[in-house]
Amino acid sequence: MLLSLGIGPVLEHASQPEVPVVDDGIPIVASLAEVLEAAPPTEFPERPIMIKHRVLPRERINQIAVRYGVTRENLLRWNKRLDPNNPYPKGHRRLRVRARRIPAPRHKVRTKILPEDNWLDIAVRFRVELKDLHAYNWRTRTLVPGELLTLWVDPGWPQTIHPGEGPAIPEHFDIEPGALSVGRPNRGRLTNGIQLPLSDLYTRKTPTTGLWGSSHTIEQIHRAFAIFRHDTGFTGDVVIGAISRRRGGRFSPHVSHQSGRDVDIRLPLWPGVSTLGSPHADEIDWLATWGLVKAFVETDQVQTIFLDISRHRNLYEAARTMGETPETLEPIIKWPRWSGSSRPVVRHSPGHDTHIHVRIKCGDDEPRCRTR
């Protein structure tokens, strides 16, 4: 047992939750719920505890950090031989982690393939990434009903979504009228612009010089965030980074954001992730991100949501995990196929990999506002 001064004892974190064992010692389950019911609850020690984490298949450095509520930077500092340029802790069987949360360990299970199953159906049922599911079963080329697939599931992953537990949606939003969008998003201006007000629904980026918008845009931001908080029960910070300047016009380094209708919103992060720098995909709370995208879509006042195409898979899988079907997602996001005549709400724009860019429609009282 290693010694650590002032940070509590060092524990070995490798045991698995108690579940019925069958066949070759690996339980066969039909859903993630069976594992969750048997898993011990997450513990939050009064002070950080030094853990010896046993690295399991397909675990990535950022994922391990999120599970224990620590930053990637600290995990690298505690394990100096880790390669910061390799997302996987290659060649490492044990890692030192000064844990702020003690989750239930990941668990190896098997599941029977159902007649209607495809790979993505199984992945979302157990909340594993599609690419990881393929890697766990790299010898399997075709899904045969009745045969078994192997998965590593994670009952200890942070739970930030609590459907229906959020605050009620207000019937009215007290937004100052008279701020109007004029012209196009990339060649326009803002008349009588109003600044995004303080609110418990979101966090404003500082300084706030670029957080001016039209009355219609500010109202839709409030409406979407109220829906988001109510439907998901998400309590974490979500930062609004940019809208427009007070009178609109050129807003470097943005190409658009000129007419008070474009809103940059940083992607929600998992608890414990550093807010500095650019987060890795594993550090982004994609379930909360989907909840936010869906809330804006439900206002029926969104023209487009821009997100780098490298992130579409993450968003799509999160949406499916939260109960969406290919049919309900068809008008919103096209993944993995981008063919077809319809234009989905979520579209590619390079560089939008740490935030979404939401473009609000012109309001009914904005006759000089132009869509394009």
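Helices (H or I, at least four residues) and strands (E, at least two) are DSSP runs, and they are numbered from the N terminus. The model shown in these views is predicted: local features need pLDDT of at least 70, side-chain atom pairs count only at pLDDT 80 or more, and totals for chains, interfaces and linings use all residues. Residues are numbered from 1 along each chain as its sequence is written, and side-chain values use heavy atoms, with hydrogens and water left out.

**View 1**
I356 has its place in strand β15, which covers residues 355-360. With a relative accessibility of 1%, I356 counts as buried, a word that stands for under 20% relative accessible area, with exposed over 50% and partly exposed in between (1.4 Å probe, protein chains only). Contact means heavy atoms within 4.5 Å, and, leaving aside neighbours within four places in sequence, I356 is in contact with V263, D264, I265, L267, L292, V293, I305, F306 and L307. The C-alpha atoms of I356 and S199 are separated by 20 Å, and these two residues are 157 residues apart along the chain.

**View 1. V263 in strand β12.**
Strand β12 (residues 262-266) holds V263, which is buried with a relative accessible area of 0%. Residues up to four places away in sequence are not counted in the list of residues that V263 touches, which consists of T217, I221, I240, A242, I243, H257, I356, H357 and V358. Between the C-alpha atoms of V263 and A242 the separation is 5.8 Å, although the two residues are 21 residues apart along the chain.

**View 2. The largest nonpolar core.**
A nonpolar core is a set of buried Ala, Val, Leu, Ile, Met, Phe, Trp, Tyr and Cys residues joined through side-chain atoms within 4.5 Å. The largest one has 67 residues, of which F225, I240, I265 and F296 touch the most other members. Helix α7 gives the most to this core, with eight residues. For I265, the contacts beyond neighbours within four places in sequence are F225, V238, V239, I240, L292, F296, H355, I356 and V358. Another core, of 16 residues, lies apart from it and includes I51, W78, L82 and L95.

**View 3. Aromatic pairs around F225.**
Rings of Phe, Tyr and Trp (its six-membered ring) pair if their centres lie within 6.5 Å, and planes under 30 degrees apart count as stacked, over 60 as edge-to-face and the rest as tilted. The structure holds six aromatic pairs. One of them joins Y202 and F225 in an edge-to-face arrangement, at 5.6 Å centre to centre and with 70 degrees between the planes. Y202 lies in the loop between β8 (194-195) and β9 (203-204) and F225 lies in helix α6 (residues 215-232), so this pair ties together parts that are 23 residues apart in sequence. Y202 is buried, with a relative accessible area of 4%, and F225 counts as buried at 0% relative accessibility. F225 and F228 form an edge-to-face pair as well, at 6.3 Å centre to centre and 90 degrees between the planes; both lie in helix α6, three residues apart, about one turn of the helix. Y202, F225, F228, F234 and F296 form one aromatic cluster.

The loop between β10 (212-213) and α6 contains S214, which counts as buried at 0% relative accessibility. Not counting residues up to four places away in sequence, S214 touches A179, L180, S181, L190, G260 and E366.

**View 4. Helix α7 crossing helix α8.**
The axes of α7 (residues 286-298) and α8 (residues 312-321) come within 8 Å and cross at roughly 85 degrees, where axes are lines fitted to C-alpha atoms, for helices over the stretch in contact, and angles run from 0 to 180 degrees between N-to-C directions. The contact is made by W286, L287, T289, W290 and V293 of α7 together with N314, L315, A318, A319 and T321 of α8.

**View 5. The surroundings of helix α8.**
Helix α8 is mostly covered, with nine of its 10 residues buried. These buried residues pack against α4 (119-125), α5 (130-136), α7, α9 (326-329) and β14 (346-347). Just after α8, G323 takes a positive phi of about 100 degrees.
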